[in-house]
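Please keep the sequence and the structure in view while reading.

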Amino acid sequence: MRNYIRLLVLVLFCNLHVNISAQDSPSLELDDFQLEMQQQSGKDYLLFRKAGANGTAKVKIGGEEIFLLFENGVAKHLFEVNQKGKLVMLESETSNSSFYQLYHISSRSPGNYRVKHIPAWLAILPPLVAIFLALIFKEVVISLFIGIWAGAFIAGGMRFGTVFSSFLEVVQKYVIQALGDSGHLSVIVFSLLVGGMVALISRNGGMAGVVLALSKYARSARSTQFITWLLGVAIFFDDYANTLIVGNTMRSVTDKFKISREKLAYIVDSTAAPVSAVAFITTWIGAELGYIEGGIQQLQDFDTSLSPYSIFISSLKYSFYPILTLLFILILIYLGRDYGPMFKAEQRARTTGQVSPAATAAEDEPNMEDLTPVKGAPLKWHNAVLPVATVILMTIFGLLSTGMESLHAELNEAGRNIPMSWGQIWANMGAVIGDENASFFMKMGTLIGKSDSYIALLWASLSGVLVALVLTLSGRIMKLMDSIHTLVTGFKTMLPALIILTLAWSLAITTEELHTANYLTAILQDSVSPYALPAIIFILASLIAFSTGSSWSTMAILYPIAIPTTWAVCQTQGIAPDVSMEILLNVIATVLAASVLGDHCSPISDTTILSSLASDCNHIDHVRTQLPYALTVGTVSLLSGTIATMLGGGFLISLLLLIVSIVILFFIVLRFGRQAG
């Protein structure tokens, strides 16, 4: 009878996941155990064996937190499994470090199981394979495919018999899953429509008209690059729209002044994400505030009156990388100097007139279409500017409209039944923010944060295509059939990059499945001095963003870990509250800044791919030429952020370090850079 009662208690603890606190039962550290599978009463159980263990141990199984009840060294957990098997991550905290292990568990036959421990370091193998092959062979599609294949094989338990099935899963599972994401599909449709619009405004003479109009201001390579930079900063509200609009608009102008496509892609890529990351009102702000809010909610003895938006604004003084990247481009433009692979690209373009890395059309990537103006087309700049302006204005309108709809729903849920009036919603927005006296920028940040950027981009691109069609047809430049054919041709020009983009998303799914980011975090988050945390987190965030190709996923993973860890370390080591706050703000800015750095360096990043696409530059050549510049600014930013922490932080110290950093970058370009001609 006593054994029966014990078994009943065991089932309650393990299968119903009863929340047992450490005070209710002895707490065990799950650092040394054996994992098995066992069948009892027709059900599958995970069996944990730890010699002499009695009591409870907290563990996460596949992200779900449970408590295991150990009795006489054994605990079990109900776990259904089939022949194909599951990849499971086990996480637990010990007194010394975080515990992290991967297992693939499958059923060979009823009651016969295979429990395969997957070495955690294999989680970084798929992106490294893809990146290494892409840099070696300069062919991205097959490199990404092999990387996904490697990830599928590891996630499938590394069984020899699954080599071919893993190959099939690349498309069957990962590509389809990537395309099944509504956000991904929105980016694809937006890109296709923008490509169609660009084709129309190229064939109707609009782009040629823009070149003529800008020729008054773009009188040299220097002024042309500056105008490109200025446009990149001006379109600050979304990095996707920024990349595609600026790259496609300025490509013909930079070609005229013999500026390499690699340099154009660099300016486009290095203005898009940095300005979107630090601007007050962008499509990034909602995600950033959500991540920050989730992190600060876990803090103890923290001033809860501080809103996520005010914390974000306060942290910007430590955002060295995005700010220095924007200024570094100006230094390159002003001095007219380049170094590394970029110098060779610029020298080729200036001396030979060959702006593309390919020497001949036959060597170029097979994605080029004839988009020269049709015979007799008037070279009027407004045929291009009006569609582009429509995209910009409709994006802003879409962000405001969807944001207002979201806020209206929240206000109604809060009991404020107000009409769907923008004025009424704006006046009552304080109820959502939690501050009736919220400033204009706080309200705008909240409004844009609540918006649906994907819907806004779809509205904008579709409206841009409509305006381009109307201008083309009303001006009798092309017939309807020719216009639609041109539109489809524009779609075709986007397909090679969209294939790469889809494969990059698919690879990101494998890294998520293998918990790549968790592994990198676990190996680098040991207890350290709080003053060293910004530097460690900078390196960690850069590695995660480089490996996953996504700054957003890096922020999503790191903010919930970095914010509470930083605050806890500061509190434990008795750091003064004001200094603790500055370290925390530095870490918040560091996660964002380093995510952008890793994104810039990664050949599997979506914005890096789109920058290559918009600039019509070979993707690997873009990565290869941008990498030294990104690492230069990244190194200076890392040093500045670390020194800022050690000096106690604050606005004046950050401003002084920013000025010193600018001077250092200036002399780096002056010392190592050369004029291309």
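Over the face of which residue does Arg-222 lie? Arg-222 lies over the face of Tyr-334, at 5.7 Å from the ring centre.

## Basis of the report

The model is predicted: local features need pLDDT of at least 70, side-chain atom pairs count only at pLDDT 80 or more, and totals for chains, interfaces and linings use all residues. Residues are numbered from 1 along each chain as its sequence is written, and side-chain values use heavy atoms, with hydrogens and water left out.

## Charges over rings

A charge sits over a ring if NZ of Lys or CZ of Arg is within 6 Å of the ring centre and within 35 degrees of the ring normal. Besides Arg-222 over Tyr-334, Lys-86 is placed over the face of Phe-79, at 5.1 Å from the ring centre.

## Aromatic pairs

Rings of Phe, Tyr and Trp (its six-membered ring) pair if their centres lie within 6.5 Å; planes under 30 degrees apart count as stacked, over 60 as edge-to-face and the rest as tilted. The count by this rule is 11 aromatic pairs. Helices (H or I, at least four residues) and strands (E, at least two) are DSSP runs, numbered from the N terminus.

Buried means under 20% relative accessible area, exposed over 50%, and partly exposed in between (1.4 Å probe, protein chains only). Tyr-266 is buried at 1%, and Tyr-629 is buried at 0%. Tyr-629 also pairs with Tyr-339: their ring centres are 4.9 Å apart and their planes at 65°, so this pair is edge-to-face. Tyr-339 is buried as well. Elsewhere, Phe-145, Trp-149, Phe-164 and Phe-167 form one aromatic cluster.

## A buried serine

Ser-260 is in the loop between helix H8 (239-256) and H9. Ser-260 has a relative accessible area of 0% and is therefore buried. Leaving aside residues up to four places away in sequence, Ser-260 touches Ala-345, Glu-346, Arg-348, Ala-349 and Val-355, where contact means heavy atoms within 4.5 Å.
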